[in-house]
Amino acid sequence: MLRFVLSCTLVPLAITSVMSPVSAKSTHSEFIYYPAFDKTGATVEAIRDKGLVQELHVKCRSGVGIITYAKPDNAYCGPDHRCSKSLRGAVNRLCR
């Protein structure tokens, strides 16, 4: 009886860990680059490369904001959901 209970409990856990989107997401790799570490006064403080999307942590006068860069679309998007082809345009909208 104990063997049957264990096998019934372990099999669903194994299936959910293989097919779960949470476990699939946790296996991706992420790369973080800090350009402001090399160049003082840089606009972009950190870049988190998450595959098809990069998060750019941008330094503004009032603090720090995040802009995303979509590699397939070649577009920089801000938190206002407006996108542009240039980084400078996205930074200007973010740091106004």
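**Exercise 1. Which residue forms a salt bridge with Asp80, and how far apart are the closest N and O atoms?**

Keep in mind that this is a predicted model.

Step 1. Look at Arg93: Arg93 pairs with Asp80 in a salt bridge, and their closest N and O atoms sit 3.7 Å apart.

Step 2. Now place both partners. Arg93 belongs to helix 4, while Asp80 is in the loop between strand 5 and strand 6, so this pair ties together parts that are 13 residues apart in sequence.

Step 3. Check how covered each one is. The cut-off for buried is under 20% relative accessible area. Arg93 comes out at 16%, so Arg93 counts as buried. Asp80, with 32%, is partly exposed.

Step 4. Asp80 has another salt bridge to report, this one with Arg96, where the closest N and O atoms are 4.0 Å apart. That pair links distant parts of the chain, with Arg96 in the segment after helix 4 and Asp80 in the loop between strand 5 and strand 6, 16 residues apart. Arg96 counts as exposed, at 74% relative accessibility.

**Exercise 2. What else does Arg93 touch, leaving out residues up to four places away in sequence?**

Step 1. List the contacts: Tyr76, Asp80, Arg82, Cys83 and Ser84, not counting residues up to four places away in sequence.

Step 2. Zoom in on Arg82. Its backbone oxygen lies 2.8 Å from a polar atom of the Arg93 side chain.

**Exercise 3. Which residues of helix 4 are buried, and what do they pack against?**

Step 1. Helix 4 covers residues 87-94, and its buried residues are Ala90, Val91 and Arg93.

Step 2. Ask where they point. They cover an arc of only 160 degrees around the axis, which puts them on the same side of helix 4. As background, an α-helix has 3.6 residues a turn, so residues three or four places apart point the same way.

Step 3. Find their packing partners. The buried residues of helix 4 pack against strand 3 (53-59), strand 4 (64-70), strand 5 (75-77) and strand 6 (83-84).

Step 4. Finish at the start of helix 4, where a side-chain oxygen of Ser86 comes to within 3.2 Å of the backbone nitrogen of Gly89.

**Exercise 4. How many salt bridges are in the whole structure, and which residues do shared partners join into one network?**

Step 1. Searching the whole structure turns up five salt bridges. The general idea is that side chains of opposite charge can pair when their charged atoms come close.

Step 2. Take Glu55 and Lys50, whose side chains meet in a salt bridge at 3.4 Å, N to O. Glu55 is buried, with a relative accessible area of 17%, whereas Lys50 is partly exposed at 34%.

Step 3. Return to the pair of Arg96 and Asp80, a salt bridge with closest N and O atoms 4.0 Å apart. Then turn to the network: salt bridges that share partners join Arg48, Lys50 and Glu55 into one.

**Exercise 5. Where does Glu45 lie, and is Glu45 buried or partly exposed?**

Step 1. Glu45 is in strand 2, residues 44-49.

Step 2. Its relative accessible area is 27%, so Glu45 is partly exposed.

Step 3. Not counting residues up to four places away in sequence, Glu45 touches Tyr33, Tyr34, Pro35, Ala36, His57, Lys59 and Val64.

Step 4. Follow one of those contacts, Tyr34. Tyr34 lies in the loop between strand 1 (31-33) and helix 3 (35-38), and is partly exposed at 47%. Together with Ile32 and Phe37, Tyr34 forms a nonpolar patch on the surface with about 370 Å² of accessible area.

**Exercise 6. What pattern does the chain follow along the sequence?**

Step 1. Count the elements: four helices and six strands.

Step 2. Read along the sequence and you get α-α-β-α-β-β-β-β-β-α.

Step 3. Of the 96 residues in the chain, 24% are buried. The chain exposes about 7300 Å², with carbon and sulfur atoms supplying 63% of it.

Key. Residues numbered from 1 in each chain as written. Predicted model: local features only at pLDDT ≥ 70, side-chain atom pairs only at ≥ 80, totals over all residues. Heavy atoms only, no water. Buried < 20%, exposed > 50% of the residue type's maximum accessible area, 1.4 Å probe, protein only. Helix = DSSP H or I, 4+ residues; strand = E, 2+ residues; numbered from the N terminus. Arc of directions from axis to C-beta. Contact = heavy atoms within 4.5 Å. Polar contact = N/O pair within 3.5 Å; in protein donor to acceptor, adjacent residues only side chain to side chain. Patch = residues over 30% accessible without salt bridge, like charges linked within 9 Å, V, L, I, M, F, W, Y side chains within 5 Å. Areas by Shrake-Rupley, 256 points an atom, 1.4 Å probe, with all protein chains shown as cover.
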